[in-house]
Amino acid sequence: YVYFGSDVDQGGQWVSVAEVMPHPRYDGDAYTFDLGLLRLAEAAPADATPIPFLPATLGLQTADEGAAVEFVGFGRTESFTSGRKLTVPGTVGKVCDGPEVCSLGAGQVVPGAFGYSMAPGGPCSGDSGGPAFILRGGVEHVAGVTSYGDENCAYYGVSTRPDAYAAWIEAFVAGVREDCTTAEDEDHDTLAGCADPDCDGDPACPAGDACQSAEAISCGDVIQGSTLGGSHKFR
């Protein structure tokens, strides 16, 4: 379910979700590709105004370092309370385009994200997945999605940049799926054809080494081996 409202215990509305799509290359240890998409099973409340994500054409650049953003979340506050939607102003500190990890003070910013100082305040535990808004030509956009930071939320934070994943987001919205019979990356998740998890179990993608020629044995022979590391998919 997705919650629409100001506080989780009053005045809001829950809407069911039909599909959950984490990025197939998400790494929970490195925090790379830290973005997921939801498709609602029903229409959002009529009074919910969608805020567009920052498209690639308006994406964050080095020139945006120092620009103002607004973080929103339901997470932990300095008084250790949570569950109430709050906002806090922030500043883009480091825009990382990669391919290598970027540095921001004592912290590291993964490619496809931007980092910021927590000195004036910012997102903390429970705010993950929340937006960072930025104005472009007077129009509010989602410039970041809260990802990670230092354990005490005291020094730095990092938000994933939707503009770095714009093609993947747009393909999901349009309902584009990976064609397992081609070498193209139709859904723009950087994984093409049978290398895409969407193609797991597809007849066009054999499991490989699932079937091998049987070894000839004679009566009384003993063969030792293991299925560890073998394929777990058959068709």
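**Cores, a helix and a buried aspartate**

Setting aside neighbours within four places in sequence, leucine 60 is in contact with Leu54, Val95, Phe114, Ile134, Arg136, Ala143, Arg161 and Asp163; contact here means heavy atoms within 4.5 Å. The model is a predicted one, so local features need pLDDT of at least 70 and side-chain atom pairs count only at pLDDT 80 or more, while totals for chains, interfaces and linings use all residues. Residues are numbered from 1 along each chain as its sequence is written, and side-chain values use heavy atoms, with hydrogens and water left out.

Leu60 also turns up in the largest nonpolar core, a set of 14 residues in which Leu60, Phe71, Phe114 and Ile134 have the most contacts. A nonpolar core is a set of buried Ala, Val, Leu, Ile, Met, Phe, Trp, Tyr and Cys residues joined through side-chain atoms within 4.5 Å. Buried stands for under 20% relative accessible area, exposed for over 50%, and partly exposed for anything in between (1.4 Å probe, protein chains only). Two or more residues of this core come from each of strand S5 (68-73), strand S10 (113-117) and strand S11 (131-136). Another core, of nine residues, lies apart from it and includes Phe33, Leu35, Val145 and Ile169. In soluble globular proteins, nonpolar side chains tend to be buried together.

Now for an aspartate. Asp64 sits in the loop between strand S4 (36-40) and S5, and it counts as buried because its relative accessibility is 13%. Beyond residues up to four places away in sequence, Asp64 touches Gly59, Val92 and Arg136.

Helices (H or I, at least four residues) and strands (E, at least two) are DSSP runs, numbered from the N terminus. In helix H1 (residues 166-173), the buried residues are Ala166, Trp168, Ile169, Ala171 and Phe172. Strand S3 (17-22) and S4 are among the parts that cover them. After H1 comes glycine 175, with a positive phi near 80°.

As for the whole protein, its C-alpha atoms fill a box of roughly 75 × 45 × 35 Å along the principal axes. Of its 235 residues, 33% are buried. Among contacts between residues at least 6 apart in sequence, 51% join residues at least 24 apart.
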